[in-house]
Amino acid sequence: MADAVDGERRVLIAADKFKGSLTAVEVAQRVTAGLRRVAPDVEIAALPVADGGDGTVAAALAAGFERREARVAGPLGDEVVAAFALRDGTAVVEMAEASGLQRLPAGVFAPLTASTYGSGELLRAALDAGARTIVFGVGGSATTDGGAGMLSALGARFLDRDGAPVPPGGGGLAEVVSADLSGLDPRLGGVELVLASDVDNPLTGPKGAPAVYGPQKGASPDDVAALDAALGRFVKVLEGTDLGDRAAEYALAPGAGAAGGIGYGALLLGARFRAGIEVMLDVLGFGAALERAGLVITGEGSLDEQTLHGKAPAGVAAAARAAGKEVVAVCGRLALAPEALGRAGIRRAYPLTDVEPDVGKCIADAGPILERVAEGIARDFLG
């Protein structure tokens, strides 16, 4: 038992979802079951985590936040019931609940017309609920409208040359000639708005929202070019408002390109950009849970180069390493060398493919296989 954690039999499970297989809550449940089979007396705390993308509200609810719901517009304008989380004046709002790819019919994409209007309605619902701090988690969007729909739902107006509202979606911004932000909900000035994202892209250009993320939302090369030009026009029009030069500065700021540019809209509202996992660890009370742990188990579906750039496992490992805690990771697929894991603060990773080499079976039977992986962790670290 050379790997055993000396004198410590308290484990903190702080893993993200295995996308397409297990939610973060289910990951924690399966790891717990596997650990207990080998070490039945181990003390286990579960704190499912998220990095601001889809699953962020679920993580907050698992940490004890209250579930609230609102009827809002989905990305295509149809009504959906979206949830947010609330506790002690802090709301966790996830744009994907209203405007995410998950809200589109299977196999349907709408890169030019999908709107963030419902995300604005969800923010308004959080204001109505008395939120004084709003953590706005963005990711998994179906949209590339620069947050124009969101801003419209909060009282802004974007008009074409005939004085009519521009059509919804990023494509509609090709027609914008004037913007009026004077009608924005005045309550926004009295709340702390935090833009939580693992994406630091600018709004436009080769690293912007349309070029980098548009294809994931069904955008063709022509669509990408049209969206980039439309968002550029949107910024130019906003420069003609009281924002002035700040409109262009915000477009270049880290996080502006997050979730199809809704990050840009949030920055226009005065949001402060923070790495999603960092702000979520604060909100979820990770520090207090970490103090009591001897071993931390983190993870996500794929541990790869992206993990090292702001994803949940890297954030958990960095915080745990700073506190002198041992960290291991579970994952479906491992694409990082041991040296890269070590630099991230992860002592060892346990992929499902070590137990079941067939990737298809790993995806289909992720839960039982993860339990077997957790048994191995228990033998290595808790014996």
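Two residues are in contact when heavy atoms of theirs lie within 4.5 Å. By that rule, and leaving aside neighbours within four places in sequence, Asp16 is in contact with Ala24, Val27, Val49, Ala50, Asp51, Gly299, Glu300 and Ala312. The model is a predicted one.

**Nonpolar cores**

- In soluble globular proteins, nonpolar side chains tend to be buried together.
- The largest nonpolar core here has 56 residues.
- Val93, Ile134, Phe136, Leu151, Phe158, Leu238 and Tyr264 are the members that touch the most others in this core.
- The most residues in this core come from helix α9 (residues 258–268), which gives 7.
- There is also a second, separate core of 38 residues, and its members include Ala14, Ala317, Ala320 and Leu341.

**Aromatic pairs**

- A pair of aromatic rings is described by the distance of the centres and the angle of the planes.
- The structure holds 2 aromatic pairs.
- Phe158 and Phe234 are both buried.
- Phe234 has a relative accessible area of 0%, and Tyr264 is likewise at 0% and counts as buried.

**Helix α9 and Tyr264**

- Helix α9 is mostly covered, with 11 of its 11 residues buried.
- Among the buried residues of α9 are Gly260, Gly261, Ile262, Gly263, Leu267 and Leu268.
- Leaving aside neighbours within four places in sequence, Tyr264 is in contact with Gly146, Leu203, Phe234, Val235, Leu238, Ala247, Tyr250, Ala251, Gly255 and Ala256.
- Ala259 belongs to helix α9, and its phi is near 50°, a positive value in a residue other than glycine.
- The relative accessible area of Ala259 is 10%; buried means under 20%, so Ala259 is buried.
- Just after α9, Gly270 takes a positive phi of about 95°.

**Largest pocket**

- Rolling a probe the size of a water molecule over the atoms shows where empty space is left.
- The volume of the largest pocket is about 1,200 Å³.
- Its lining is made up of 43 residues, and Lys19, Asp51, Asp198, Gln306 and Lys311 lie nearest the centre of the pocket.
- By type, the lining divides into 15 nonpolar, 16 polar and 12 charged residues.
- Elements that each supply at least two lining residues include α6 (209–213), α9, β10 (272–275), β11 (295–303), β12 (326–334) and α14 (359–364).

**Single residues in loops**

- Asp16 sits in the loop between β1 (10–13) and α1 (24–38), and it is buried, with a relative accessible area of 3%.
- Gly294 lies in the loop between α11 (286–291) and β11, and it is buried at a relative accessible area of 8%.
- Gly294 and Glu326 are 32 residues apart in sequence, and their C-alpha atoms are 6.8 Å apart in space.
- Asp88 is in the loop between β4 (79–87) and β5 (90–94).
- Asp88 is not a glycine, but it has a positive phi of about 50°.
- The relative accessible area of Asp88 is 70%; exposed means over 50%, so Asp88 is exposed.

**Arg68, a strand residue**

- Arg68 is placed in strand β3 (residues 66–73).
- At 29% relative accessibility, Arg68 counts as partly exposed.
- Leaving aside neighbours within four places in sequence, Arg68 is in contact with Ala82, Ala83, Phe84, Leu86 and Ala129.
- Arg68 and Ala125 are 57 residues apart in sequence and 9.0 Å apart in space, C-alpha to C-alpha.

Terms used. Residues are numbered from 1 along each chain as its sequence is written. This is a predicted model: local features need pLDDT of at least 70, side-chain atom pairs count only at pLDDT 80 or more; totals for chains, interfaces and linings use all residues. Side-chain values use heavy atoms; hydrogens and water are left out. A nonpolar core is a set of buried Ala, Val, Leu, Ile, Met, Phe, Trp, Tyr and Cys residues joined through side-chain atoms within 4.5 Å. Buried means under 20% relative accessible area, exposed over 50%, partly exposed in between (1.4 Å probe, protein chains only). Helices (H or I, at least four residues) and strands (E, at least two) are DSSP runs, numbered from the N terminus. Rings of Phe, Tyr and Trp (its six-membered ring) pair if their centres lie within 6.5 Å; planes under 30 degrees apart count as stacked, over 60 as edge-to-face and the rest as tilted. On a 1 Å grid over the protein atoms alone, a cavity is a set of points where a 1.4 Å probe fits but cannot get out, and a pocket is an open set with protein on both sides within 12 Å along at least five of seven lines; lining residues have an atom within 4 Å of a point. Grid points are joined across faces, edges and corners, and a volume is the space filled by probe spheres set on the points. Ala, Val, Leu, Ile, Met, Phe, Trp, Tyr, Cys and Pro count as nonpolar, Asp, Glu, Lys and Arg as charged, and the others, Gly among them, as polar.
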